[in-house]
Amino acid sequence: MKEDFWDCYWTGWNKTLVFQGGASRKEFWSFMLVNTLFLVAVFAGIIYWLLSQRDGFEAMLVVCLFCPPGLFIIFLFLLPPTLSVGIRRMHDIGYSEWWFGGMMLLNTLIILIILSGYFLYPSILMDIYDMLIALCAIAAVISVGVSILCCKPGKIKDCQLHSTEAE
């Protein structure tokens, strides 16, 4: 039975702590698309609010103090289901879960380095700026590669409640 877009998206959330089995392309990409659009909407709302303020310094201060921790909390909230659906997608196409898990680990470490430097040692960020740019470029290349892998057809044609069904 074919599932619609939202059923596949909610399957990703319902299987947040399920790392066995597989995830269809539709389940994976619907989950990633909706969560990415949500993050873009949050960023757009922050930028809109920032630009609509009359006192730029106070607004910038609020954004600098509250946005990184808030966005990090959203990131932590989205991390388990994203890992789950990504790992299950890797299983479905016949790759090790470390392809997706390693990419997420690298991206998480980069975010933690930037945030810890941002709050604890802002002057150090300028000293390691070139290294951070190189790490971000490497993470971007790895992320694109894993995204291309996730486009491969797998065993599961539609998002299913029972991941053991194959072609």
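1. Nonpolar patch. Helix α3 supplies the largest share of the nonpolar surface patch, five residues. The patch is made by W49, F57, L61, V62, L65 and F66 and covers about 630 Å². Patches take residues with over 30% relative accessible area and no salt bridge; nonpolar side chains (Val, Leu, Ile, Met, Phe, Trp, Tyr) are joined within 5 Å, and like charges within 9 Å. One of the patch members, V62, lies in helix α3 and is partly exposed, at a relative accessible area of 35%. Here buried means under 20% relative accessible area, exposed means over 50%, and partly exposed is in between (1.4 Å probe, protein chains only). Areas come from the Shrake-Rupley method with a 1.4 Å probe, and for residues only the protein chains shown count as cover.

2. Basis of the values. This is a predicted model, in which local features need pLDDT of at least 70 and side-chain atom pairs count only at pLDDT 80 or more, while totals for chains, interfaces and linings use all residues. Residues are numbered from 1 along each chain as its sequence is written, and side-chain values use heavy atoms, with hydrogens and water left out.

3. Overall make-up. The protein chain has six helices and zero strands, so from the N terminus on its elements run α-α-α-α-α-α; helices (H or I, at least four residues) and strands (E, at least two) are DSSP runs, numbered from the N terminus. Of the 167 residues in the protein chain, 34% are buried. The chain exposes about 10,500 Å², and carbon and sulfur atoms supply 74% of that area. Taking contacts between residues at least 6 apart in sequence, 73% join residues at least 24 apart; contact means heavy atoms within 4.5 Å.

4. Largest nonpolar core. This core has 20 residues, and F28, V85, M90, F100 and V146 touch the most other members. A nonpolar core is a set of buried Ala, Val, Leu, Ile, Met, Phe, Trp, Tyr and Cys residues joined through side-chain atoms within 4.5 Å. Two or more residues each come from α1 (5-14), α2, α3, α4 (98-119) and α6 (129-150). Helix α3 gives the largest share, six residues. Residues up to four places away in sequence aside, M90 touches Y95, S96, E97, W99, F100, V146, L149 and C150.

5. How many salt bridges does the rule give? The count is two, a salt bridge being a side-chain nitrogen of Lys or Arg within 4 Å of a carboxyl oxygen of Asp or Glu. One of them joins the side chains of E27 and R88, at 2.9 Å from N to O. E27 lies in helix α2 (residues 25-52) and R88 in helix α3 (residues 56-92), so the pair ties together parts that are 61 residues apart in sequence. E27 counts as buried at 1% relative accessibility, and R88 is buried at 0% relative accessible area.

6. R89 pairs with D92 in a salt bridge whose closest N and O atoms are 2.6 Å apart. The two residues are three apart in helix α3, so about one helical turn separates R89 from D92. Both R89 and D92 are buried. As a general point, side chains of opposite charge can pair when their charged atoms come close.

7. N107 is found in helix α4, and S143 lies in helix α6. Leaving aside neighbours within four places in sequence, N107 is in contact with A139 and S143, while S143 is in contact with M103 and N107. N107 and I142, 35 residues apart in sequence, have a C-alpha to C-alpha distance of 9.7 Å. S143 is buried, with a relative accessible area of 18%.

8. Cysteines. The whole structure contains zero disulfides, a disulfide being a pair of cysteine sulfur atoms within 2.5 Å. C151 is in no disulfide, and the nearest cysteine sulfur, that of C150, is 7.1 Å away. C151 is partly exposed, with a relative accessible area of 42%. C136 is also partly exposed, with a relative accessible area of 34%.
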